[in-house]
Each structure stands twice: as C-alpha cells, then as structure tokens.
Amino acid sequence: MKLKQFQRCALLATTLLCGPAALAHGPAFDCYLEREGQVKCVAGFTDGSSAVGRKILVRDLGGKVLLEGDVGPDSSFGFQVPQDPYSVTFLGGEGHEVTLQSADITP
Amino acid sequence: MTYKPLLHAVAATTMCLAGSAQAHFQLLYIDDTALPRAHPLELAAVFTHPFSGGPTMAMGAPRMFTHIDPHGERTDLLKALRPVQWQSRDNQASAYRLSLPREAVRTLGDHTFLLEPEPYLEAEEGLYIQQFTKLVINVGGVPGNWSEPQGLPVEIQPLGKPYANWTGGVFRARVLADGKPVPFAKVEVEYLNNDLDLQRNAFGANAHVRAPQASFNVQSLYADDLGIVTLGLPHAGWWGIAALDIGSTKTYNGKTLSQDAVLWVQATDMK
C-alpha cells in the first residue's frame, strides 16, 4: 500500500514537474552577422529554459556538416562566415530543430 | 433660429463633459510588441488622450529614456530621441520619436523601454502630471524579465506578459510606488482608439470603436488591497493602464505634482 502511494506520488510529481514544461517548451533561435565576418547565433526555449550545451550544426547546401558546436554559457554560438551559402541548425531536442538559411542571416 | 444658441450651448457642454471623461496618457507606442525576429524599431512617445485621438499635450524633453535588454543591460537612449510635431484629432503638439536599429534588439527575449517625462503643467487644474511609462516587447518568444520591477519611483508591474495577450483575455498587474504595492490605487484604463501613422507623425482619422456615453472613454477602477488591478482586453490593439498620483514626490515648481505609472499592453486577435 505504501509502495503504491509512493508510486502515485512519484507519478504526480513527475507529471507536475515535467508535464507543463513539455507542453510549453518550444525552440527559439536566431543568427546575425557580426563585424569581421562572424556569425553569432543565439538559442533558447519559449519556457525560458536554457539551451546551453545543445548542438548547433553548420552545413553546406549539400547537407555536409562544415562545423559542429555547442551553445555556450551566454546562450550563443559564433563562427566564421563560410564562403559559400550555408545553413545553421539548432538541435533543441526531438521535434525542436530550427534551421536558418544564410540568405536570412543579416547584420 | 431662436433655439440655435441653446443647441450650441448643449453642444459645448457635451464636448466639455466628454473632455472631462478622458484621461491624459503618456503613450509609448510601437507597431508590434511580439516580434518573431528582430527588426528595426520605430517608437513614438506622445502625451495624449488615446481614446479620442487627442487633444495632445506638448511634451518637454524627457528626463530619462532607457532600453533594458534581455541580459538586464541598460542603454540610455535620450540622445537618440528626436522631437516631432504630432498631429492629433484637433491639434498639433510636440512629441518624440525614436528609431532603433535591428542590432539594438536582436538578442532573444524581453526588451523593456522606460520613459520618465518632464512634468507637464495642466494649467486648467493648476497641477503637474508626470507619467512614468513602461513598454515591454519580446523577440523570438524567449521569456525574460517582463515581470520584474525596474526601479521606477512609480511603476506598474505586469503579472502577465504584456506582449502576449489574446483579445478577450484578462490582464493583471500590480501597482508599485517605491517598489511597494499600493493598495486601492486609483487606476484608469483607456483604449488607443486610432491607428498611428508613423510616417506622418499623426493619429489616423478613423476611430476603431465608438463609446455609447462619455463614461466609456476611460474605465476607472481601483486596485485591490494588494495593489493588484485586473482588467479585460475586449478589443484588439493597445490598452493603456495608468495608476494615478501614487508617487511620494507631491510638489513641483510650487504646485501639486501627480506622479502616475503607465503600462501599455497589446491585445491580439485569435485568427
């Protein structure tokens, strides 16, 4: 009985802790050109949770990965502008990928 | 013919009564408060009567105009303000405009703008009005410091995101003076009834809604015992919330000073 009660409490706690976050959670991502040929990308989530440590991929138009890195402690990731057109993808978790094309990345 | 003077008198009285049933509001306007991505911003600061599209009062040079970015970093924008003549329904008066480049707001999250205007002398009432005004916008959907008090002498603290409200929803906020709640503060709520034409520095000619009677021009209510005010947002667009005469500074230039707190909230239709 006690074990069942514990399991129910654990389930309730898990639902309360994880449920709303899972429902409200969405990726937010943008990149812009900085001086000296740098691209700066910033990433986050719509519930305010941190994107620090999440992966970011820079690919050429053929899909080849040119660069891979992590979102830094300031929620950003920077890289040198590739010579040819490219895309940047924020891997924010399952169903939470956002890709920007280089044509949409401006100062 | 003989009743014409009477008609004129009635008309004049009606206009006076209508005029008294509207509030002075320090408008701090931007086209959209919830931006999917950052873009250059155009802001307008106009001291006016929002429901009736005027008359507009002349603004002196603001004392403070600050941008707070999502990291809490403050930028003084006073020097970027430019004075303009604002055309309202029936008069022109000095107001201020600000153009911000995309770079200033491209960080994801909440961006807050604070305005401390020069006190305005309301000659008819023989008092000064100073409305500390706050506007919060968001870039990209990442929430931030929208609910945090920003240290103004008088302030309205949002209890919901000011930039993410559906038409027909309810909005709550807390009235603060020196950072503390103001129980039973007198609050006025007014709808910005005319579109703004930022190209012409003018209110648009057409009003969105018509009040059935002068009392509807501005809603008057009181905060509760915790200083919390609750209001509905029955129409898409901009709603101004002003808490009146809550500051601790009560005089200016030898006259009574009303220090008011203003917050602007945008309601958006569900489509």
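Two residues are in contact here if their C-beta atoms, placed from the backbone, lie within 7 Å. With that in mind, look at chain A: among its contacts between residues at least 6 apart in sequence, 49% join residues at least 24 apart. Please keep in mind that this is a predicted model, in which local features need pLDDT of at least 70 and side-chain atom pairs count only at pLDDT 80 or more, while totals for chains, interfaces and linings use all residues. Residues are numbered from 1 along each chain as its sequence is written, and chains are lettered from A and ligands numbered from 1 in the order in which they are written.

Let us begin with chain A and its elements. Helices (H or I, at least four residues) and strands (E, at least two) are DSSP runs, numbered from the N terminus. Chain A has one helix and seven strands, and from the N terminus on they follow the order α-β-β-β-β-β-β-β. A residue is called buried if 20 or more other C-beta atoms lie within 10 Å of its own, exposed if 12 or fewer, and partly exposed in between, with C-beta atoms placed from the backbone. Of the 107 residues of chain A, 22% count as buried.

Now to the sheets. Strands of a sheet pair through backbone hydrogen bonds, either parallel or antiparallel. Two strands are taken to pair if DSSP finds at least two bridges between them. In chain A, three strands form an open sheet in the order β1-β2-β5, with antiparallel pairing. Its edge strands are β1 and β5 (76-80) of chain A, each of which pairs on one side only. From one strand to the next, the twist averages 20°; such angles run from 0 to 180 degrees between N-to-C directions, and the axes are lines fitted to C-alpha atoms, for helices over the stretch in contact. Eight bridges link β1(A) and β2(A) in the antiparallel sense, and Pro27(A) stands opposite Phe45(A) in β2(A).

A further open sheet of chain A has four strands in the order β4-β3-β6-β7, again with antiparallel pairing. At its edges are β4 (65-70) and β7 (97-101) of chain A, each pairing on one side only. Neighbouring strands of this sheet are turned by 15° against each other on average, direction ignored. Strand β3 (residues 55-60) of chain A pairs with β4(A) in the antiparallel sense over five bridges, and Val58(A) has Leu67(A) in β4(A) as its bridge partner.

Follow the chain from β3 to β4 of chain A and you will find Gly63(A) in the loop between them. Is Gly63(A) buried or exposed? Gly63(A) counts as exposed because it has 8 C-beta neighbours inside 10 Å. Its C-alpha atom and that of Val81(A), 18 residues apart along the chain, are separated by 16 Å.

Where the two chains meet, the contact takes 10 residues from chain A and nine residues from chain B. On the side of chain A that touches chain B, β1 (27-34) and β2 (38-45) of chain A each supply at least two residues. By class, this side of chain A has five nonpolar, four polar and one charged residues; Ala, Val, Leu, Ile, Met, Phe, Trp, Tyr, Cys and Pro count as nonpolar, Asp, Glu, Lys and Arg as charged, and the others, Gly among them, as polar.

Ala95(B) counts as buried because it has 23 C-beta neighbours inside 10 Å. Not counting residues up to four places away in sequence, Ala95(B) touches several residues, including Ala45(B), Met59(B) and Trp86(B). Strand β3 (residues 41-48) of chain B pairs with β7(B) in the antiparallel sense over five bridges, with Ala45(B) opposite Tyr96(B) in β7(B). Six bridges join strand β6 (residues 82-87) of chain B to β7(B), and these run antiparallel. Trp86(B) stands opposite Ala93(B) in β7(B), and a hairpin of four residues joins β6(B) to β7(B).

The last stop is the largest nonpolar core, which has 87 residues. A nonpolar core is a set of buried Ala, Val, Leu, Ile, Met, Phe, Trp, Tyr and Cys residues joined through C-beta atoms within 7 Å. Val175(B), Ile241(B) and Ala243(B) have the most contacts inside this core. Strand β22 (residues 255-268) of chain B gives the largest share, six residues.
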